[in-house]
Amino acid sequence: MRAWTVASPDDDLRLRDVPEPVLRGGGVLVEVLAAHVPAYTGKVVTGHRGGLPVPLILGPSCVGRVIAVAPDVFHVAPGDIVADTALLDAGGGDEILVGWVGLGGSGAGGERTDRMRAQWRDGVFAERALCAKETVVELPGADAYPDPARLAFLPWLCIAASGLHAAGPLAGRDVAVIGATGQLGGAAVLVALAEGAATVTAVGRSRAALDRLAALGPRVRTHRLTGDRATDAAGIGPVDVALDALGATPTPDATLAAYDSLRGRGTLVLVGGVRQDLAIPYGDLMHRRLTVRGSWMSDNATVSTVWRLVRSGLLDLSAVELLTVGLDGPAAALDLAERTTGLGFVALVP
């Protein structure tokens with residue numbers, strides 16, 4: 001079997017022939033139909049997003065067809081189309097992303113997450129993959145979906161949806177997405193529209209990407225970040241919900257502008273990659289009855305919810321530009337992924 005692997009901390013991502021995955025207890029063997037290659041995959045490989053449990057087959061999530069299931073797996077069956085989320089939760093804050101960087105809870109990990117990674121190490125950038133049963137969600141009716149490669153974007157839509165759901169129902173509310181010109185932010189705009197937001201303010205720096213988001217419909221507003229907190233807060237709000245999906249930023253000003261843009265009883269949700277501390281004014285938070293929430297990854301119920309939005313047509317994936325790559329040429333694929341953002345993504349189709 002062919003797969004994209006990383007053999008050591010100083011190794012590049014390489015295409016190698018590897019042994020076929022062997023079904024074992026708690027496992028679901030899938031044929032990988034399509035897997036999203038995140039824009040920052042190159043940074044993951046070079047160690048700039050945390051340590052990988054090498055050696056491993058890389059890849060955090062996919063859409064696949066079930067080939068076989070272990071005797072203790074009952075919620076999916078051979079032939080089912082499924083989404084693999086990669087998020088394995090042992091409870092008590094111990095979570096890992098199989099085939100990827102990132103740990104839940106405190107993010108520090110420990111003896112239990114080490115054991116989890118030892119048992120469930122390999123990801124899905126391969127022809128076939130063995131997935132933990134807890135990370136696999138059935139997508140009823142997906143066998144009739146006309147373009148399965150587009151469903152590789154589903155896990156990112158679910159991450160965005162989990163963040164938005166942390167603020168409560170969206171119908172009729174004004175929502176802002178900070179970092180909307182990135183892939184996660186673009187996904188959040190699509191979800192907010194599908195779930196009935198009155199307006200969605202797309203916030204970012206790329207004028208071309210903002211214009212593309214504005215073309216989604218009349219409920220989309222845009223604001224191009226200026227770097228001035230007061231100016232940006234006025235341009236963003238007032239809103240009921242602000243979702244921060246920014247990547248690494250030199251200052252926290254854009255996130256704090258989102259905080260400032262909230263109406264009374266509003267909610268700021270943090271789902272991005274900002275590495276700054278936030279100075280939240282105690283009295284203002286209290287008197288305006290604001291909420292600040294964190295959200296990481298997605299649960300299986302959200303996967304089912306988002307799939308229903310897609311299946312019903314409320315969330316139209318034709319709005320997303322799909323670029324496909326095969327297993328040959330992983331370096332070129334990573335380069336393409338790094339240059340693809342906003343309402344566009346790269347899917348590996350083995």
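Arg 265 sits in strand β15, where strands (E, at least two residues) and helices (H or I, at least four) are DSSP runs numbered from the N terminus. Arg 265 has a positive phi of about 70° even though it is not a glycine. Its relative accessible area is 58%, so Arg 265 counts as exposed; the cut-offs are over 50% for exposed, under 20% for buried and partly exposed in between, with a 1.4 Å probe and protein chains only. Met 297 is another residue other than glycine with a positive phi, here near 60°. Met 297 belongs to the loop between β16 and α9, and at 16% relative accessibility it counts as buried.

A word on the source: this is a predicted model, in which local features need pLDDT of at least 70 and side-chain atom pairs count only at pLDDT 80 or more, while totals for chains, interfaces and linings use all residues. Residues are numbered from 1 along each chain as its sequence is written, and side-chain values use heavy atoms, with hydrogens and water left out.

Now to helix α7 (residues 253–260). Of its 8 residues, 6 are buried, so α7 is largely enclosed by the rest of the structure. The buried ones are Ala 254, Thr 255, Leu 256, Ala 257, Ala 258 and Tyr 259. Their cover includes the strands β11 (174–178), β14 (239–244), β15 (262–270) and β16 (291–294), along with the helices α6 (229–236) and α8 (282–287); contact here means heavy atoms within 4.5 Å.

One of those covering helices, α6, has an axis that comes within 8 Å of the α7 axis, and the two cross at roughly 50°. Axes are lines fitted to C-alpha atoms, for helices over the stretch in contact, and angles run from 0 to 180 degrees between N-to-C directions. That angle makes α6 oblique to α7: under 35 degrees counts as roughly parallel, over 145 as roughly antiparallel, 65 to 115 as roughly perpendicular, and the rest as oblique. The crossing of α6 and α7 is right-handed, a label used if the near helix is turned clockwise from the far one by less than a right angle, with anticlockwise giving left-handed. On the α6 side the contact is made by Arg 229, Asp 232, Ala 233 and Ile 236, and on the α7 side by Asp 253, Leu 256, Ala 257, Ala 258 and Asp 260. Sorted by type, the residues of this contact come out as 5 nonpolar, no polar and 4 charged. In this scheme Ala, Val, Leu, Ile, Met, Phe, Trp, Tyr, Cys and Pro are nonpolar, Asp, Glu, Lys and Arg are charged, and the others, Gly among them, are polar.

Helix α3 (residues 154–165) packs on helix α9 (residues 300–312) at an angle of about 110°, with the axes 9 Å apart. That makes α3 roughly perpendicular to α9, and their crossing is right-handed. From α3, the residues Leu 154, Leu 157, Cys 158, Ala 161, Ser 162 and His 165 meet Thr 302, Val 303, Thr 305, Val 306, Trp 307 and Val 310 of α9. This contact splits into 8 nonpolar, 4 polar and no charged residues.

On the strand side, an open sheet of 3 strands runs in the order β2-β1-β4, with antiparallel pairing; two strands pair if DSSP finds at least two bridges between them. Its edge strands, each pairing on one side only, are β2 (14–17) and β4 (56–57). Strand β1 (residues 2–6) pairs with β4 over 2 bridges, and Thr 5 has Ile 57 as its bridge partner in β4.

Two cis peptide bonds deserve a mention. Val 54 and Pro 55 are joined by one with omega about -5°, and Pro 55 is in the loop between α1 (41–45) and β4. Gly 237 and Pro 238 are also joined by a cis peptide bond, with omega about 5°; Pro 238 lies in the loop between α6 and β14.

His 75, in the loop between β5 (62–69) and β6 (81–84), is partly exposed at 40% relative accessibility. Leaving aside neighbours within four places in sequence, His 75 is in contact with Lys 133, Val 136 and Glu 138. Ser 106, in the loop between β8 (95–97) and α2 (111–119), is exposed, with a relative accessible area of 71%. Ser 106 and Ala 126 are 20 residues apart in sequence and 30 Å apart in space, C-alpha to C-alpha.
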